[in-house]
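Thank you all for coming. Please have the sequence and the picture open while I talk.

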Amino acid sequence: MIIDGLTIVGSSINGYRLGVEELLASMNSNGIDKGVIAPVQPKTYRLEPQNDAVAVAQMRYPDRLIGFCRVDPRQGEDAITELRRCVLRLGLKGLLLHPMEEGYTINDPPAVRLVREAGSLGVPVVVAAGYPWVAHAQQIRSVAEQAEGTTIVMSHGGQINISGLAQADAFLAMQTCDNLRVGTNGVYRQDFLEECVEAFGPERVLFTSMAPVFDQGFELDRVSSIKMEESDRQYLLGTNMTRILEEGARSRT
Amino acid sequence: MRVVDSHAHVDEYEAFGWFDPPEAMIELMDEAGIEKAVVMTYADAPVLKPDALRYLHDACKKYPDRLIPYARINPHADNAALLLEEAIVDLGMKGLKIHQESVTAAAHHGSVVRLVKKAAEFNAPVLFHSGDEPLSLPQQFAKLAEEAPEATIILAHMGGYHHTDDAIRVCERYDNLLVDTSACPYPHKVKEAIERLGAHRVLFGSDGPGCNPKLELQKIMRVGLSENEQRLVLHDNIMSVLERVRHHLPGRGPR
């Protein structure tokens, strides 16, 4: 079972686009069984209709797609209301926060409050991570410490730096907070992922492609290239996301 | 298919926590089917690692048919030009590597320009880091390209994660700028670089051993190049750059 832990569907104000049918075709050609889908930031700036569209896609393809909502913490109380609506009424299974595209800092109080609320609702949070100033690994560590009941997945291995200079901070964040996980998309140096698997166990590293920003097939190649026990690779490819979602579902019942 | 990796590393450097002796790279080259690799240290001579050039020379001597050394030198060092000359003339090195974040100087800094011009006297290529960091931004290469039009300048990583478009744009403007594909996470941007710059200006690089050379090669295969484009990117471009390097200056014999 291969689960892509992050894809972004719709037509983004930032110029990228991925339709649901196009995603399914890509998953089929790459042998990916299921994919987490979260919405883009649209040209209208309104995320609620995008969350609705993700819920519709999840209902249409329940065996293939796992819907996550996207909420902007700057909306304050309305953001909390939207998260609750998405989880409790639309049946979405997680939350995507994208501080870079929305324009906020991940450890500002409204964002922390949302992350804590997600934990209360029993859903994980994926953070588009590694962006300097707004979503650096140590900023996310600060959030994770304030929201111990929430599982947080840092995309990009928690670091976007093609010199490798942010790896120490991402590694330290993982060391500090058991509720943090790293996603594999775009990670500079595969040996960073190998070190994470070795230090924290295969349970804390997840396959995320973040398609269409990254190429889904190539990102799957990246996971295949990690030098690790073959028996452990399945954790990254699907077991970890399955467990995170099952634990959340249990806590909701 | 012959493959030469234009950007890889050999070094054991405690401060960065990266321990990659030559054997680590050779093993990955074998796994990926890579014939030769251009290698450099992680740390700069003489500031971070006083014996960096000797270390690299000795490492490459163990695998003379596989590893091709570039001297990684801090241009701020008083003896930077002399070190480069020794590296090329006495140690047979084939190029210069500058990592701007490591040496705290952008590509247009005076000391960088001077050392690049020195490398150009030998027709030796200069491989620069390029990415999203403040001293490594692709548009910073415009001034250097203007001041050293005779130099062959390679932008590693094609501008990193968020400056790939800038890397392509600046290379479109200056013919003496090339890109390498190492660690660039976007196969479609490699394709775009080849379409806009021409396959003769795009070099395959892995940034191994940290970045897996086999994965980096898979990225190129995903792009869907013609046989001719593939030959240029994977082999011919870097070989023709290296063949132009001379190990003594005109009017001066070997030392």
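Predicted model: local features only at pLDDT ≥ 70, side-chain atom pairs only at ≥ 80, totals over all residues.

Let me begin with chain A, which contains 10 helices and 9 strands. Its C-alpha atoms fill a box of roughly 40 × 40 × 40 Å when the box is taken along the principal axes. The radius of gyration is 16 Å, and this agrees with the value near 18 Å that a compact globule of 253 residues would have. Of those 253 residues in chain A, 57% count as buried. If we look at contacts in chain A between residues at least 6 apart in sequence, 75% of them join residues that are at least 24 apart.

Chain B can be described in the like manner, with 10 helices and 10 strands making up its secondary structure. Its radius of gyration is 17 Å, close to the 18 Å that the globule rule gives for 255 residues, so chain B is as compact as a globular protein of that length. The C-alpha trace of chain B spans about 45 × 40 × 40 Å along its principal axes, and buried residues make up 54% of its 255 residues. Among the contacts in chain B with a separation of 6 or more, 75% are accounted for by residues 24 or more positions apart.

How do the two chains meet? In this model, 17 residues of chain A are in contact with 21 residues of chain B. On the side of chain A that touches chain B, the elements giving two or more residues are α8 (190–200) and α9 (216–225) of chain A, and α9(A) gives the most, with 5 residues. Sorted by class, that side of chain A has 6 nonpolar, 6 polar and 5 charged residues.

Turning to the interior, I would start from a general point: in soluble globular proteins, nonpolar side chains tend to be buried together. Here the largest nonpolar core has 161 residues, and those with the most contacts inside it are A:V127 and A:I140. Helix α10 (residues 230–252) of chain A supplies the largest share of this core, 6 residues. Leaving aside residues up to four places away in sequence, A:V127 touches A:L97, A:I106, A:A135, A:I140, A:I152, A:M154 and A:S155.

Now to the sheet of chain B, where 8 strands form an open sheet in the order β1-β4-β5-β6-β7-β8-β9-β10, with parallel pairing. Its edge strands are β1 (4–9) and β10 (202–203) of chain B, each of which pairs on one side only. Is β1(B), then, covered or uncovered? It is mostly covered, since 6 of the 6 residues of β1(B) are buried. The parallel pairing of β1(B) with β4(B) runs over 4 bridges; B:V4 stands opposite B:K36, and B:D5 has B:A37 as its bridge partner.

Next comes helix α1 (residues 22–32) of chain B, whose buried residues are B:P22, B:M25, B:L28 and B:M29. Seen down the axis of α1(B), these buried residues fall within an arc of 135°, so they line one face of the helix. They pack against β1, β3 (18–20), β4, α2, β5 (67–72) and α9 (213–223) of chain B, whereas B:E27, B:D30 and B:E31, on the other side of α1(B), are exposed. After α1(B) comes B:G33, with a positive phi near 75°.

Not counting residues up to four places away in sequence, B:K49 touches B:Y13, B:T41, B:A43 and B:D44. By contrast, B:C184 is 135 residues from B:K49 along the chain, and their C-alpha atoms are separated by 27 Å.

That is where I will stop, and I am happy to go back to any part of the picture.

Terms used. Residues numbered from 1 in each chain as written. Chains lettered and ligands numbered in written order. Contact = placed C-beta atoms within 7 Å. Pairing = 2+ DSSP bridges. Nonpolar A, V, L, I, M, F, W, Y, C, P; charged D, E, K, R; others polar. Rg over C-alpha atoms; globule rule 2.2 N^0.38 Å. Buried ≥ 20, exposed ≤ 12 C-beta atoms within 10 Å, placed from the backbone. Arc of directions from axis to C-beta. Core = buried A, V, L, I, M, F, W, Y, C linked by C-beta atoms within 7 Å.
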